[in-house]
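Please read it with the structure open.

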Amino acid sequence: MEANLYADRDGSRTTTAAAIAVRAAIAGIAYVVALYFSYYYGGGFGQEANLWLPSGVAIGVLAVAHRSRWLPYSIGLAIGALVANLIAGEPVVAAIVYAVDEVVIALLIAWALKRWLGDSFRLDSVRNVLVFVAVGAFGGALASWLVNLV
C-alpha cells in the first residue's frame, strides 16, 4: 500500500475507499471520546450531561464532508454513537434508537447548513455565522427535542 493515500498516478488528489473508511472510523472514535468529555465535565455517568459534545462532533464531521461521503461517515458515527450509548449504560434497543436519532439529526443539520451556506461554506461574515448558529444550535436543539418527543 502506498504511503500517500491521496496520490494518484497522474498526481491528482483522489481519496481511496480505505482512506474514507479510516476517516469514518476516526469520526466514530471522536464521538466516543466526546462522550467521555461530556460526562466528565457534566457530573459523571448516570447523570444527564449538561453539554452533549458528541452532537457537535457528528454535525461538524458531516458539515465539512462532501455529500458523496456522508454515507460512510454516517455509518462510522452511528457505530460510535452505538458504542457510546452502550458505554453510558443504555439498553441495546435504546442505544440503537439513540444512535439512529443522533445521526439523522446530524444529517438534517448538515444538509440545512450546506443548503443555506453552500457546499464549502466559510464563517467569514456575520450572516454566515448567524445562519450557522441558528441552524446548528437552535435548529439542532429543536430537531432533537421533536424527535425525542415521539
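This is a predicted model: local features need pLDDT of at least 70, side-chain atom pairs count only at pLDDT 80 or more; totals for chains, interfaces and linings use all residues.

The points below go from the overall fold to one helix and then to one residue in it.

1. The protein has 5 helices and 0 strands. Along the sequence, the pattern reads α-α-α-α-α.

2. Burial and surface. The protein has 150 residues, and 33% of them count as buried.

3. Contact range. Take the contacts between residues at least 6 apart in sequence. Of these, 52% join residues at least 24 apart.

4. Helix 1, length. The helix covers residues 17–42. Its 26 residues, at 1.5 Å a residue, should span 38 Å.

5. Helix 1, packing. Which parts of the protein do the buried residues of helix 1 pack against? They pack against helix 2 (53–64), helix 3 (70–87) and helix 4 (92–117). Among the buried residues of helix 1 are Ala24, Ala27, Gly28, Tyr31, Val32, Leu35 and Tyr39. Ala19 and Ile20 are also buried, as is Gly42.

6. Leu35. This residue sits in helix 1. Is Leu35 buried or exposed? Its relative accessibility is 0%, and buried means under 20%. Leu35 therefore counts as buried. In sequence, Leu35 and Ser55 are 20 residues apart. In space, the C-alpha atoms of Leu35 and Ser55 are 9.4 Å apart.

Notes:
Residues are numbered from 1 along each chain as its sequence is written. Side-chain values use heavy atoms; hydrogens and water are left out. Helices (H or I, at least four residues) and strands (E, at least two) are DSSP runs, numbered from the N terminus. Buried means under 20% relative accessible area, exposed over 50%, partly exposed in between (1.4 Å probe, protein chains only). The expected span of a helix is 1.5 Å times one less than its number of residues. Contact means heavy atoms within 4.5 Å.
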